[in-house]
Amino acid sequence: MRKLLTSTLMTAKRLPRKLRWLFWNVDFERLHPSRDADAVIARIVEFGTIDDVRWALQHYGRDRIHSFFRDMGSPEVSDRTLAFWRAVFHSEYELWPRPA
């Protein structure tokens, strides 16, 4: 059931309207959950509510969010947020990029 739920969510073509408030500076209607995943994850983990983070975890999964931090990163994500997610993923010793 969990796999089915995740694959159904990953085929979504639009972000839920409840996330609109996080994307005040971009055309929300043009954002795509898969194509723009790194930007969406960055905005949610830095500014989102607990419900927004729950949506991201359901939609993208822990592995995808972990790979965002491990492989991509974002200048939008604060040191405080990074520290929190390092604890969540038990990744204190992983090297995570810090884009400028």
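## Reading the angles

A helix axis here is a line fitted to the C-alpha atoms over the stretch in contact, and angles are taken between N-to-C directions. With that in hand, welcome to this structure, which is a predicted model.

## The overall picture

The protein has 4 helices and 0 strands, so its pattern along the sequence reads α-α-α-α. Of its 100 residues, 38% are buried. The accessible surface is about 6,500 Å², and carbon and sulfur atoms account for 58% of that area.

How much of the contact set links residues 24 or more positions apart? Among contacts with a separation of 6 or more, such pairs make up 55%.

## Helix H2, mostly covered

Let's turn to helix H2, which spans residues 37-47. Here 8 of the 11 residues are buried, leaving the helix mostly covered. You can find them in the model as Ala37, the run from Val40 through Ile41, Ala42, Arg43, Ile44 and Val45, and then Glu46.

What do these buried residues pack against? Their partners are helix H3 (50-72) and helix H4 (79-88).

## Where H3 meets H4

Those two partners also meet each other: the axes of H3 and H4 come within 12 Å and cross at roughly 90°. Because angles of 65 to 115 degrees count as roughly perpendicular, H3 is roughly perpendicular to H4.

On the H3 side, the contact is made by Val53, Arg62, Ile65 and Phe69, while H4 brings Leu82, Trp85 and Val88. Sorted by class, this contact has 6 nonpolar residues, no polar ones and 1 charged residue.

Key:
Residues are numbered from 1 along each chain as its sequence is written. This is a predicted model: local features need pLDDT of at least 70, side-chain atom pairs count only at pLDDT 80 or more; totals for chains, interfaces and linings use all residues. Side-chain values use heavy atoms; hydrogens and water are left out. Buried means under 20% relative accessible area, exposed over 50%, partly exposed in between (1.4 Å probe, protein chains only). Helices (H or I, at least four residues) and strands (E, at least two) are DSSP runs, numbered from the N terminus. Contact means heavy atoms within 4.5 Å. Axes are lines fitted to C-alpha atoms, for helices over the stretch in contact, and angles run from 0 to 180 degrees between N-to-C directions. Angles under 35 degrees count as roughly parallel, over 145 as roughly antiparallel, 65 to 115 as roughly perpendicular and the rest as oblique. Ala, Val, Leu, Ile, Met, Phe, Trp, Tyr, Cys and Pro count as nonpolar, Asp, Glu, Lys and Arg as charged, and the others, Gly among them, as polar. Accessible areas come from the Shrake-Rupley method with a 1.4 Å probe; for residues, only the protein chains shown count as cover.
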